[in-house]
Amino acid sequence: MITKRTWVNGLRNGIETIWELAKVVVPVTLVITVLKETGWLGMAADWLEPLMSLLGLPGEAALALVMGYFVNVYSAIAAILVLDLTIKQVTVIAVMVGICHNLFLESAVTSKTGVKPLPIAALRIGVSLLAGLGVNWLY
Amino acid sequence: MIDTAADGLKAGLMGVRDIAVIVVPLMVVIELAKDSGVMQWITGRFRPLAALLKISRESLLPLVVGLMVGLAFGSGVIINAARDGQLSKKDRHVVVVYLSLCHSVFEDTLLLAAVGASLSWLVGSRLLLATAAAMLLARIFPHQDMEAQSQPLGMG
(Lines give C-alpha, C1' and ligand atoms only; values in the text may rest on other atoms or scores of the structure.)
Protein backbone atom coordinates (compact mmCIF):
# COMPACT_ATOMS: atom_id res chain seq x y z
CA MET A 1 0.00 0.00 0.00
CA ILE A 2 1.27 3.48 -0.84
CA THR A 3 1.62 5.73 2.21
CA LYS A 4 3.49 8.94 3.10
CA ARG A 5 6.37 6.65 4.10
CA THR A 6 6.63 5.43 0.49
CA TRP A 7 7.41 8.96 -0.71
CA VAL A 8 9.78 9.69 2.18
CA ASN A 9 11.67 6.43 1.63
CA GLY A 10 11.97 7.09 -2.10
CA LEU A 11 13.28 10.63 -1.61
CA ARG A 12 15.70 9.52 1.12
CA ASN A 13 17.01 6.63 -1.02
CA GLY A 14 17.48 8.99 -3.95
CA ILE A 15 19.36 11.61 -1.94
CA GLU A 16 21.56 9.03 -0.18
CA THR A 17 22.39 7.42 -3.53
CA ILE A 18 23.26 10.78 -5.10
CA TRP A 19 25.56 11.57 -2.17
CA GLU A 20 27.38 8.23 -2.52
CA LEU A 21 27.76 8.75 -6.27
CA ALA A 22 28.78 12.42 -5.96
CA LYS A 23 31.68 11.50 -3.68
CA VAL A 24 33.00 9.37 -6.58
CA VAL A 25 31.85 11.22 -9.68
CA VAL A 26 33.16 14.71 -8.85
CA PRO A 27 36.83 13.84 -8.09
CA VAL A 28 37.07 11.27 -10.93
CA THR A 29 35.70 13.70 -13.51
CA LEU A 30 38.25 16.26 -12.34
CA VAL A 31 41.16 13.80 -12.80
CA ILE A 32 39.95 12.65 -16.24
CA THR A 33 39.67 16.26 -17.41
CA VAL A 34 43.25 16.96 -16.34
CA LEU A 35 44.50 13.73 -18.01
CA LYS A 36 42.75 14.72 -21.23
CA GLU A 37 44.22 18.24 -21.21
CA THR A 38 47.77 16.98 -20.66
CA GLY A 39 47.51 14.87 -23.86
CA TRP A 40 48.20 11.51 -22.20
CA LEU A 41 45.05 9.96 -23.64
CA GLY A 42 46.21 10.84 -27.16
CA MET A 43 49.56 9.13 -26.52
CA ALA A 44 47.72 5.96 -25.48
CA ALA A 45 45.91 5.98 -28.87
CA ASP A 46 49.26 5.93 -30.73
CA TRP A 47 50.49 3.07 -28.56
CA LEU A 48 47.44 0.91 -29.32
CA GLU A 49 47.74 1.25 -33.15
CA PRO A 50 49.15 -2.26 -33.91
CA LEU A 51 46.13 -3.87 -32.24
CA MET A 52 43.75 -2.06 -34.60
CA SER A 53 44.59 -4.08 -37.73
CA LEU A 54 43.49 -7.27 -35.91
CA LEU A 55 40.05 -5.69 -35.51
CA GLY A 56 39.86 -4.63 -39.15
CA LEU A 57 40.19 -1.01 -38.09
CA PRO A 58 42.49 1.80 -39.26
CA GLY A 59 45.16 2.96 -36.80
CA GLU A 60 43.43 6.19 -35.91
CA ALA A 61 40.32 4.23 -34.79
CA ALA A 62 42.32 3.56 -31.61
CA LEU A 63 41.35 7.10 -30.66
CA ALA A 64 37.65 6.18 -30.64
CA LEU A 65 38.30 3.09 -28.51
CA VAL A 66 40.62 4.90 -26.08
CA MET A 67 38.18 7.80 -25.74
CA GLY A 68 35.31 5.36 -25.25
CA TYR A 69 37.17 3.11 -22.80
CA PHE A 70 38.56 5.88 -20.62
CA VAL A 71 36.24 8.84 -21.15
CA ASN A 72 32.70 7.95 -22.29
CA VAL A 73 30.42 6.86 -25.12
CA TYR A 74 29.86 10.48 -26.20
CA SER A 75 33.57 11.09 -26.85
CA ALA A 76 33.81 7.80 -28.78
CA ILE A 77 30.89 8.94 -30.93
CA ALA A 78 32.67 12.24 -31.57
CA ALA A 79 35.75 10.28 -32.72
CA ILE A 80 33.61 7.99 -34.94
CA LEU A 81 32.13 11.08 -36.62
CA VAL A 82 35.58 12.52 -37.35
CA LEU A 83 37.06 9.28 -38.78
CA ASP A 84 36.35 7.85 -42.24
CA LEU A 85 34.91 4.39 -41.47
CA THR A 86 32.74 1.70 -43.10
CA ILE A 87 29.45 0.52 -41.50
CA LYS A 88 31.23 -2.68 -40.44
CA GLN A 89 34.06 -0.72 -38.81
CA VAL A 90 31.59 1.54 -36.98
CA THR A 91 29.74 -1.58 -35.74
CA VAL A 92 33.00 -3.12 -34.47
CA ILE A 93 33.86 0.07 -32.56
CA ALA A 94 30.28 0.54 -31.30
CA VAL A 95 30.01 -3.04 -29.96
CA MET A 96 33.43 -2.70 -28.27
CA VAL A 97 32.64 0.70 -26.74
CA GLY A 98 29.11 -0.42 -25.79
CA ILE A 99 30.60 -3.23 -23.69
CA CYS A 100 33.52 -1.24 -22.31
CA HIS A 101 33.35 2.51 -21.69
CA ASN A 102 33.96 5.16 -19.07
CA LEU A 103 36.17 2.68 -17.19
CA PHE A 104 37.53 4.90 -14.40
CA LEU A 105 34.18 6.37 -13.49
CA GLU A 106 32.03 3.26 -13.89
CA SER A 107 34.51 1.02 -12.06
CA ALA A 108 34.50 3.50 -9.19
CA VAL A 109 30.68 3.56 -9.23
CA THR A 110 30.31 -0.25 -9.19
CA SER A 111 32.96 -0.54 -6.46
CA LYS A 112 30.46 1.21 -4.17
CA THR A 113 28.43 -2.03 -4.28
CA GLY A 114 31.35 -3.91 -2.70
CA VAL A 115 32.61 -5.47 -5.94
CA LYS A 116 36.34 -4.92 -6.66
CA PRO A 117 36.87 -2.49 -9.58
CA LEU A 118 40.02 -3.95 -11.19
CA PRO A 119 38.65 -7.42 -12.10
CA ILE A 120 35.51 -5.75 -13.49
CA ALA A 121 37.58 -3.35 -15.63
CA ALA A 122 39.76 -6.26 -16.84
CA LEU A 123 36.66 -8.32 -17.66
CA ARG A 124 35.15 -5.48 -19.68
CA ILE A 125 38.35 -4.88 -21.67
CA GLY A 126 38.74 -8.62 -22.32
CA VAL A 127 35.12 -9.18 -23.40
CA SER A 128 35.23 -5.98 -25.47
CA LEU A 129 38.32 -7.14 -27.40
CA LEU A 130 36.83 -10.62 -27.95
CA ALA A 131 33.57 -9.06 -29.14
CA GLY A 132 35.50 -6.77 -31.52
CA LEU A 133 37.38 -9.74 -33.00
CA GLY A 134 34.08 -11.66 -33.20
CA VAL A 135 32.15 -8.91 -34.99
CA ASN A 136 35.03 -8.30 -37.42
CA TRP A 137 35.04 -12.05 -38.19
CA LEU A 138 31.28 -12.73 -38.34
CA TYR A 139 29.70 -9.51 -39.63
CA MET B 1 46.10 23.75 -14.80
CA ILE B 2 43.85 25.51 -12.28
CA ASP B 3 41.39 26.31 -15.12
CA THR B 4 41.44 22.66 -16.24
CA ALA B 5 40.79 21.43 -12.71
CA ALA B 6 37.96 23.95 -12.38
CA ASP B 7 36.48 22.67 -15.67
CA GLY B 8 36.73 19.11 -14.35
CA LEU B 9 35.05 20.06 -11.10
CA LYS B 10 32.28 21.83 -12.98
CA ALA B 11 31.79 18.83 -15.30
CA GLY B 12 31.62 16.53 -12.29
CA LEU B 13 29.05 18.65 -10.49
CA MET B 14 26.96 18.99 -13.65
CA GLY B 15 27.16 15.23 -14.13
CA VAL B 16 25.89 14.68 -10.59
CA ARG B 17 23.09 17.17 -11.22
CA ASP B 18 22.13 15.30 -14.42
CA ILE B 19 22.10 12.00 -12.51
CA ALA B 20 20.17 13.55 -9.61
CA VAL B 21 17.27 14.76 -11.76
CA ILE B 22 16.77 11.17 -12.94
CA VAL B 23 17.80 9.17 -9.89
CA VAL B 24 15.74 10.95 -7.20
CA PRO B 25 12.43 10.63 -9.12
CA LEU B 26 13.45 7.07 -10.10
CA MET B 27 13.93 6.08 -6.45
CA VAL B 28 10.48 7.53 -5.63
CA VAL B 29 8.96 5.64 -8.58
CA ILE B 30 10.67 2.42 -7.42
CA GLU B 31 9.26 2.83 -3.89
CA LEU B 32 5.80 3.51 -5.37
CA ALA B 33 6.13 0.48 -7.63
CA LYS B 34 7.27 -1.69 -4.72
CA ASP B 35 4.48 -0.61 -2.35
CA SER B 36 1.76 -0.76 -5.02
CA GLY B 37 2.65 -4.28 -6.20
CA VAL B 38 3.68 -3.20 -9.72
CA MET B 39 7.30 -4.18 -9.07
CA GLN B 40 6.32 -7.74 -8.12
CA TRP B 41 4.65 -8.02 -11.49
CA ILE B 42 7.67 -6.69 -13.44
CA THR B 43 10.18 -8.78 -11.48
CA GLY B 44 7.98 -11.80 -12.08
CA ARG B 45 8.50 -11.40 -15.83
CA PHE B 46 12.26 -11.65 -15.28
CA ARG B 47 12.19 -14.70 -12.99
CA PRO B 48 13.57 -17.09 -15.63
CA LEU B 49 16.67 -14.84 -15.83
CA ALA B 50 17.18 -15.11 -12.03
CA ALA B 51 17.08 -18.89 -12.31
CA LEU B 52 19.52 -18.83 -15.23
CA LEU B 53 21.94 -16.57 -13.33
CA LYS B 54 21.36 -18.39 -10.00
CA ILE B 55 20.58 -15.13 -8.17
CA SER B 56 17.83 -14.20 -5.69
CA ARG B 57 14.58 -12.64 -6.88
CA GLU B 58 15.51 -9.47 -5.00
CA SER B 59 18.55 -9.15 -7.32
CA LEU B 60 16.27 -8.76 -10.32
CA LEU B 61 15.31 -5.20 -9.33
CA PRO B 62 18.83 -3.71 -9.63
CA LEU B 63 19.43 -5.90 -12.70
CA VAL B 64 16.32 -4.66 -14.50
CA VAL B 65 16.88 -1.02 -13.44
CA GLY B 66 20.55 -1.12 -14.50
CA LEU B 67 19.71 -2.78 -17.79
CA MET B 68 17.09 -0.19 -18.65
CA VAL B 69 18.25 3.00 -16.95
CA GLY B 70 22.02 2.69 -16.43
CA LEU B 71 24.92 1.36 -14.41
CA ALA B 72 24.95 4.20 -11.87
CA PHE B 73 21.23 3.71 -11.23
CA GLY B 74 21.53 -0.07 -11.01
CA SER B 75 24.47 0.35 -8.61
CA GLY B 76 22.41 2.75 -6.53
CA VAL B 77 19.66 0.14 -6.21
CA ILE B 78 22.28 -2.50 -5.27
CA ILE B 79 23.70 -0.15 -2.60
CA ASN B 80 20.22 0.39 -1.14
CA ALA B 81 19.24 -3.28 -1.27
CA ALA B 82 22.58 -4.36 0.22
CA ARG B 83 22.18 -1.80 3.00
CA ASP B 84 18.90 -3.57 3.88
CA GLY B 85 20.77 -6.91 3.80
CA GLN B 86 18.69 -8.20 0.87
CA LEU B 87 21.54 -9.19 -1.45
CA SER B 88 24.20 -11.83 -0.86
CA LYS B 89 27.81 -11.31 -1.92
CA LYS B 90 27.23 -13.67 -4.85
CA ASP B 91 24.09 -11.77 -5.92
CA ARG B 92 25.98 -8.48 -5.94
CA HIS B 93 28.90 -9.89 -7.93
CA VAL B 94 26.74 -11.61 -10.55
CA VAL B 95 24.55 -8.50 -11.04
CA VAL B 96 27.57 -6.16 -11.27
CA VAL B 97 29.29 -8.44 -13.81
CA TYR B 98 26.10 -8.55 -15.89
CA LEU B 99 25.52 -4.80 -15.67
CA SER B 100 29.15 -3.82 -16.27
CA LEU B 101 28.97 -5.56 -19.65
CA CYS B 102 25.41 -4.54 -20.50
CA HIS B 103 23.53 -1.50 -19.16
CA SER B 104 21.52 1.51 -20.41
CA VAL B 105 20.47 -0.57 -23.41
CA PHE B 106 18.09 2.11 -24.61
CA GLU B 107 20.40 5.12 -24.42
CA ASP B 108 23.74 3.54 -25.47
CA THR B 109 22.22 1.55 -28.32
CA LEU B 110 20.32 4.49 -29.77
CA LEU B 111 23.36 6.80 -29.57
CA LEU B 112 25.70 4.35 -31.31
CA ALA B 113 23.13 3.28 -33.90
CA ALA B 114 22.62 6.95 -34.71
CA VAL B 115 26.22 7.21 -35.98
CA GLY B 116 25.80 4.16 -38.23
CA ALA B 117 26.36 1.01 -36.13
CA SER B 118 24.12 -2.04 -36.58
CA LEU B 119 21.39 -1.96 -33.92
CA SER B 120 20.84 -5.73 -33.80
CA TRP B 121 24.58 -6.45 -33.43
CA LEU B 122 24.83 -3.89 -30.64
CA VAL B 123 21.91 -5.20 -28.57
CA GLY B 124 22.42 -8.89 -29.37
CA SER B 125 26.13 -9.05 -28.60
CA ARG B 126 25.87 -7.18 -25.30
CA LEU B 127 22.93 -9.20 -23.95
CA LEU B 128 24.50 -12.49 -25.05
CA LEU B 129 27.97 -11.80 -23.64
CA ALA B 130 26.68 -10.31 -20.37
CA THR B 131 24.38 -13.31 -19.83
CA ALA B 132 27.21 -15.74 -20.63
CA ALA B 133 29.69 -14.01 -18.28
CA ALA B 134 27.16 -13.76 -15.43
CA MET B 135 26.11 -17.42 -15.88
CA LEU B 136 29.76 -18.47 -15.75
CA LEU B 137 30.47 -16.44 -12.60
CA ALA B 138 27.32 -17.81 -10.91
CA ARG B 139 28.62 -21.33 -11.47
CA ILE B 140 32.18 -20.76 -10.22
CA PHE B 141 31.37 -18.40 -7.32
CA PRO B 142 32.34 -19.86 -3.89
CA HIS B 143 29.37 -21.27 -1.94
CA GLN B 144 30.09 -19.81 1.52
CA ASP B 145 28.37 -16.52 0.64
CA MET B 146 25.32 -17.20 2.84
CA GLU B 147 27.43 -16.44 5.93
CA ALA B 148 28.80 -13.30 4.32
CA GLN B 149 25.31 -11.97 3.64
CA SER B 150 25.16 -9.79 6.74
CA GLN B 151 28.69 -8.46 6.19
CA PRO B 152 28.51 -4.64 6.08
CA LEU B 153 29.57 -2.82 2.93
CA GLY B 154 32.42 -0.36 2.83
CA MET B 155 30.18 2.62 2.35
CA GLY B 156 32.88 5.19 3.20
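## A tour of helix contacts

The cut-offs: angles under 35 degrees count as roughly parallel, over 145 as roughly antiparallel, 65 to 115 as roughly perpendicular, and the rest as oblique. Helices here are DSSP runs (H or I, at least four residues; strands are E, at least two), numbered from the N terminus.

This is a predicted model, where local features need pLDDT of at least 70 and side-chain atom pairs count only at pLDDT 80 or more, while totals for chains, interfaces and linings use all residues. Residues are numbered from 1 along each chain as its sequence is written, chains are lettered from A and ligands numbered from 1 in the order in which they are written, and side-chain values use heavy atoms, with hydrogens and water left out.

Stay on this pair. The axes of H6(B) and H8(B) come within 8 Å and cross at roughly 160°. Axes are lines fitted to C-alpha atoms, for helices over the stretch in contact; angles run from 0 to 180 degrees between N-to-C directions. The crossing is right-handed (near helix turned clockwise from the far one by less than a right angle; anticlockwise is left-handed). Show side chains next. H6(B) contributes residues including His93(B), Val97(B) and Tyr98(B), and H8(B) residues including Arg126(B), Ala130(B) and Leu137(B). Contact means heavy atoms within 4.5 Å. The contact residues divide into 11 nonpolar, 2 polar and 2 charged.

Buried means under 20% relative accessible area, exposed over 50%, partly exposed in between (1.4 Å probe, protein chains only).

Move to H7 (103–111) of chain A and H5 (71–83) of chain B. Their axes come within 9 Å and cross at roughly 15°. That makes H7(A) roughly parallel to H5(B). The crossing is left-handed. Glu106(A), Val109(A) and Thr110(A) meet Leu71(B), Ala72(B) and Ser75(B).

Finish in two loops. Most residues other than glycine have a negative phi. Asn102(A), between H6 and H7 of chain A, has a positive phi of about 50°. At 12% relative accessibility, Asn102(A) is buried. Lys54(B), between H3 and H4 (60–68) of chain B, has a positive phi of about 55°. Lys54(B) is partly exposed, at 44%.

Note on methods
Nonpolar A, V, L, I, M, F, W, Y, C, P; charged D, E, K, R; others polar.
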